[in-house]
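Please open the structure in your viewer and keep the selection panel at hand. The stops below go from one selection to the next.

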Amino acid sequence: ARDDDVDDGDEDDKREREMKMAAPATMAAMALALVLLSATATATATEGDVRQFSVLSRPIKLKFGEVHNTIQEPIRLPWEIVAEFAVKPLAIVDYKVDIVSLNEDGEETQVPLYQAYNHHYALGIGNYEQMYGYYETHKDDPYGGYELNSTAAPTMKRFMQDMRGLGQRRGERRAANFGGGSGAEERGTSHLLPTPYAHIVDSPQAIIPLIHLINTDAGSQPETPSRLLECPCTPQRVFDVGADKIDGKPPVPPFSCNLKFMQEENPSCELDWYEGGFRCCEHGVFVIDTDKHDPATLPEQEFYFKFIFDYKDVEPETVPVRPPACCDVTANLTVGGNIEFDVPQCTAGIAPEDCVYEMTSSQFFDLMPNYHSNQTREKDVDPKQQVDLVYAVGHLHVGGLSLDLYDDESGELICHSEPTYGTGSAAGDELGYLTGMSSCTFDPPLRMTRDAVVRTVARYNNTVPHHGVMALWLMEVADPVAPTIQGDPLPSF
């Protein structure tokens with residue numbers, strides 16, 4: 001797999017350096033020069049004070065069964081956005097993600113999941129030099145999951161933390177991050193935040209995407225759904241159980257299941273049990289048996305991710321959001337989580353509608369420094385610090401039935417998220433594929449403390465077994481300094 005980078009030339013890089021050094025008033029005028037640099041980005045008007053712009057990723061060329069799982073060089077935003085927000089912050093209130101192909105005339109066509117499967121993605125948006133500096137530092141790092149024991153490589157979780165951290169350093173412009181676990185369901189999932197909440201970016205100029213895409217195009221008779229979306233470990237993967245390595249490298253991420261999954265000997269929890277999933281789906285590998293399918297004989301196809309943002313001006317009352325450190329059904333109060341697990345097949349003789357595999361776990365809402373990482377201590381954190389939950393959506397794979405979040409103490413349901421499955425052949429309605437997830441918006445927000453314990457309940461249909469599935473919550477919270485809504489107190493637990 002490879003990305004085709006667009007050569008913007010030395011003159012373009014000079015412009016970027018000049019923009020950073022220019023006075024604010026000059027920056028706004030100079031940003032107009034970027035019109036020639038944004039061939040893959042557009043801005044459009046929508047109703048009211050919310051407008052929209054979109055950006056295409058760099059092209060992703062893949063053969064059948066091949067995996068793309070890495071970051072791309074930053075892509076510049078539409079010149080109108082760069083110019084308008086050169087000296088003021090941007091507020092992003094919603095976003096969507098699509099997969100498209102382009103014809104010879106540059107016209108877009110949506111690509112169905114049975115041709116290219118969006119396993120997951122993450123995205124940063126901010127100042128160009130911030131994004132490019134990050135890319136240069138980490139473009140050769142190993143991707144495929146989360147932090148390794150032996151390196152500080154910014155795999156998925158670290159990437160999201162780093163994008164957030166860019167905007168928190170003293171004197172730095174704020175950056176924003178999106179995704180981090182979302183995937184195939186993105187065409188049918190709303191990320192709309194309630195007023196006055198938004199993702200805030202100072203002087204936005206570029207995006208940097210981390211894209212995990214699998215070419216699932218088997219030809220005229222595709223599987224529905226393709227077995228490749230579960231990333232099977234092929235005979236070409238070399239397992240060294242004694243050294244705890246796959247293909248000579250530590251598995252990404254390191255295994256980290258809670259006690260319940262370990263007691264069940266879930267195959268996703270140990271290398272010597274492992275059969276398929278994230279850890280066999282790194283950048284450049286094939287998830288088909290290349291002894292049976294010679295890659296040299298396979299045609300190459302070109303895909304693009306399309307990122308669509310709804311935005312507005314930042315207002316005095318606008319409140320920034322961030323993701324909390326929660327929740328994964330494979331984690332618990334002390335274990336950071338494995339990200340994935342296997343669903344065992346239902347016992348023979350049970351009716352298909354009664355074949356339900358259910359797993360439960362409890363976690364701190366925003367007090368787990370080791371959530372999907374190896375960090376063990378978070379400095380200067382008050383466990384009783386209040387946070388406001390404003391948005392939540394579940395992430396499941398094919399076979400998923402529902403994901404529920406409860407207040408562990410009271411048993412009160414906080415959010416119920418369930419999937420939509422496709423019934424046809426069009427992109428966004430692919431037969432048998434999970435094409436959307438229902439979300440929960442909290443207006444007013446649900447106030448809680450960082451050490452509040454929440455319980456996740458995940459349900460999968462297990463008529464057939466599944467490898468490498470997930471049950472994660474993707475949420476947005478705000479950090480209130482003081483009550484921001486007058487009148488009745490915010491609901492809390």
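By class, how many nonpolar, polar and charged residues does the lining of the largest cavity have? The lining has four nonpolar, two polar and three charged residues, where Ala, Val, Leu, Ile, Met, Phe, Trp, Tyr, Cys and Pro count as nonpolar, Asp, Glu, Lys and Arg as charged, and the others, Gly among them, as polar.

Before selecting anything, note that this is a predicted model, in which local features need pLDDT of at least 70 and side-chain atom pairs count only at pLDDT 80 or more, while totals for chains, interfaces and linings use all residues. Residues are numbered from 1 along each chain as its sequence is written, and side-chain values use heavy atoms, with hydrogens and water left out.

**Confidence**

Colour the model by pLDDT, the predictor's confidence in each residue on a scale from 0 to 100. The protein averages a pLDDT of 85, and 80% of the residues score at least 70.

**The largest cavity**

Next select Val97, Asp98, Ile99, Leu113, Asn118, Gly183, Ala184, Glu186 and Arg187, which line the largest cavity. A cavity is a set of points, on a 1 Å grid over the protein atoms alone, where a 1.4 Å probe fits but cannot get out, and lining residues have an atom within 4 Å of a point. Grid points are joined across faces, edges and corners, and a volume is the space filled by probe spheres set on the points. The largest cavity has a volume of about 50 Å³, and a search of the whole structure finds three cavities of 30 Å³ or more. Strand β7 (residues 89-102) gives the largest share of this lining, three residues; strands (E, at least two residues) and helices (H or I, at least four) are DSSP runs, numbered from the N terminus.

Move to the open sheet of four strands with the order β18-β25-β20-β21 and antiparallel pairing, where two strands pair if DSSP finds at least two bridges between them. β18 (356-364) and β21 (413-417) stand at the edges with a single partner strand each, so one side of each has no neighbour in the sheet. Within this sheet, β20 (residues 400-407) pairs with β21 over four bridges in the antiparallel sense, and the bridge partner of Leu405 is Cys415 in β21.

Then select the three strands β24-β19-β27, which form an open sheet in that order with antiparallel pairing. Here the edges are β24 (439-449) and β27 (471-478), and each has a single partner strand, so one side of each is left without a neighbour in the sheet. β19 (residues 386-396) and β27 pair over eight bridges, with Asp388 opposite Ala478 in β27.

Another cis peptide bond runs from Thr195 to Pro196, with omega near 15 degrees, and Pro196 lies in the loop between β10 (176-179) and β11 (197-202).

Finally, centre on Pro232 in the loop between β12 (206-215) and β13 (239-240). Leaving aside neighbours within four places in sequence, Pro232 is in contact with Arg227, Glu275, Gly276, Cys280 and Val287. The C-alpha atoms of Pro232 and His467 are separated by 7.7 Å, although these residues are 235 apart along the chain.

Definitions and conventions
1 Å grid on protein atoms, 1.4 Å probe; cavity = no way out; pocket = protein on both sides within 12 Å on 5 of 7 lines; lining within 4 Å. Contact = heavy atoms within 4.5 Å.
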